[in-house]
Amino acid sequence: MKLGIQINEGPYNHEASVTALNYCKAAIEAGHEIFRVFFYHDGVNNGTRYSTPPQDDIHIANSWSDLAKEHNLDLVVCVAAAQRRGIVDEGEQERNGKDGNNIADGFRISGLGQLIEAGIESDRLVVFGD
Amino acid sequence: MAILHTVNKSPFERNSLDACLRLAAKGSSVLMIEDGVYGAMKGTEKSAAVDSAKGDISFYVLGPDLKARGISEDKLIDGIKVVDYSGFVSLTVDNDKVQAWL
Amino acid sequence: MATKKFMYVNRKAPYGTIYAWESLEVILIGAAFEQDVALAFIDDGVYQIAKGQDTTDLGIKNFSPTYSALGDYDINKIYVEKESLDARGLTVDDLMPLKWEDEDEDWAEKDSIKVVSADEMKALLDESDVLLNF
């Protein structure tokens, strides 16, 4: 099956991102396709490359980047939510006159249409949030 | 057209489990995850609501979340099945869609 | 693109968290995709469409007027759960009078809001293809 994933919360504050990560791993192992992982609301904060959690704990952003790389996943951070919360790629940096960018590897910033498309194209949409 | 309902909050913190039980149709499945697993414990003020819904609804609870919280399986309401993440995925596939009671 | 029945489920109050506003943003963008859209307001979600919201003294945006524009986006299936209203001492008269214009009936103005029982809401959820929650 094609699975669409929506993540509403940021790393560490809520369990949502870790639950979604473990769910995606199990889905891939079972032979399903992850159509897209869409990060909305504070979920965009999963896409920062500046997170430095303690060494003895999970590195959530890196875990997503690694999973994306290994399985060619489409990790999308909502542009409107990202702008509000300060998650920036090179394009956004230039467009909005910021002095840097912080998007993590494997993530891309795009519009809410990507979430709607995931709802249309996937066989199931699974939401992880607060 | 069966729904897989997920409940991720403790029934003592939020009304999500209440809302779910009020709006889950006969034949649907409810999977308790994250803090929602506290709703699967017997001997609480919320246990009766789950117990009486068992006839119409299939209840599941995510094992890794139980374990994280130190809840042993003998503390669960009878008839609730413990699943792991692959079981969560199977439930998604076996039902038509997922309703996340956040 | 296939046409699916999208149901946006709103269960949280406005302003205390951003979910009400950011879910509206999805609904508005989603309107362009020509899907079959319905909104459900359950639990504290019913407060999102309460009349008389004024955020002046908070200094933040009052986004409630946006609900009134939904009719223009062909979003006219707005279901509000009666049990949720009752528990909060509200009736449909406490809600914004959301309307749409039916071009099949000479642009007659109609109510978009339908107050439904829990059992009816249960059936509406069951009939949907995609359930979005925030």
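**Note on a predicted model with chains A, B and C**

1. The contact between chains B and C takes 12 residues from chain B and 14 residues from chain C, two residues being in contact if their C-beta atoms, placed from the backbone, lie within 7 Å. On the side of chain B that touches chain C, the elements giving two or more residues are α1 (16-23) and β5 (97-101) of chain B. Strand β5(B) gives the most, with 4 residues. By class, this side of chain B divides into 8 nonpolar, 2 polar and 2 charged residues. Here Ala, Val, Leu, Ile, Met, Phe, Trp, Tyr, Cys and Pro count as nonpolar, Asp, Glu, Lys and Arg as charged, and the others, Gly among them, as polar.

2. Some conventions apply throughout. This is a predicted model, in which local features need pLDDT of at least 70 and side-chain atom pairs count only at pLDDT 80 or more, while totals for chains, interfaces and linings use all residues. Residues are numbered from 1 along each chain as its sequence is written, and chains are lettered from A and ligands numbered from 1 in the order in which they are written. Helices (H or I, at least four residues) and strands (E, at least two) are DSSP runs, numbered from the N terminus.

3. Chain B contains an open sheet of 5 strands in the order β4-β3-β2-β1-β5, with parallel pairing; two strands pair if DSSP finds at least two bridges between them. Its edge strands are β4 (81-83) and β5 of chain B, each of which pairs on one side only. Neighbouring strands are turned by 25° against each other on average, direction ignored. Helix α1(B) packs on this sheet and touches β1 (3-7), β2 and β5 of chain B, its direction making about 165° with that of β1(B). Axes are lines fitted to C-alpha atoms, for helices over the stretch in contact, and angles run from 0 to 180 degrees between N-to-C directions.

4. A residue is buried if 20 or more other C-beta atoms lie within 10 Å of its own, exposed if 12 or fewer, and partly exposed in between, with C-beta atoms placed from the backbone. B:I3, B:H5 and B:V7 point one way from the strand, and B:L4 and B:T6 point the other way.

5. The pairings of the sheet can be followed residue by residue. β1(B) and β5(B) pair in the parallel sense over 5 bridges, and B:H5 stands opposite B:Q99 in β5(B). β1(B) also pairs with β2(B) in the parallel sense, over 4 bridges; there B:V7 stands opposite B:M32. Strand β2 (residues 29-32) and strand β3 (residues 58-62) of chain B are likewise parallel, with 4 bridges, and B:L31 has B:Y60 as its bridge partner in β3(B).

6. B:L102 lies in the segment after β5 of chain B. This residue counts as buried because it has 23 C-beta neighbours inside 10 Å. Leaving aside residues up to four places away in sequence, B:L102 touches A:G129, A:D130, B:N8, B:S16 and C:N133. Its C-alpha atom is separated by 11 Å from that of B:E34, 68 residues apart along the chain.

7. A:N22, A:Y23, A:A26, A:A27 and A:E29 meet B:Y85, B:S86, B:F88 and B:V89.

8. In α4(B), B:Y85, B:F88, B:V89, B:L91 and B:T92 are buried. Seen down the helix axis, the buried residues fall within an arc of 160°, so they line one face of α4(B); the arc is that of the directions from the helix axis to the C-beta atoms.

9. Finally, 17 residues of chain C are in contact with 15 residues of chain A. On the chain C side, α1 (19-30) and β7 (130-133) each supply at least two residues, and the largest share, 6 residues, comes from α1(C). This side of chain C divides into 11 nonpolar, 3 polar and 3 charged residues.
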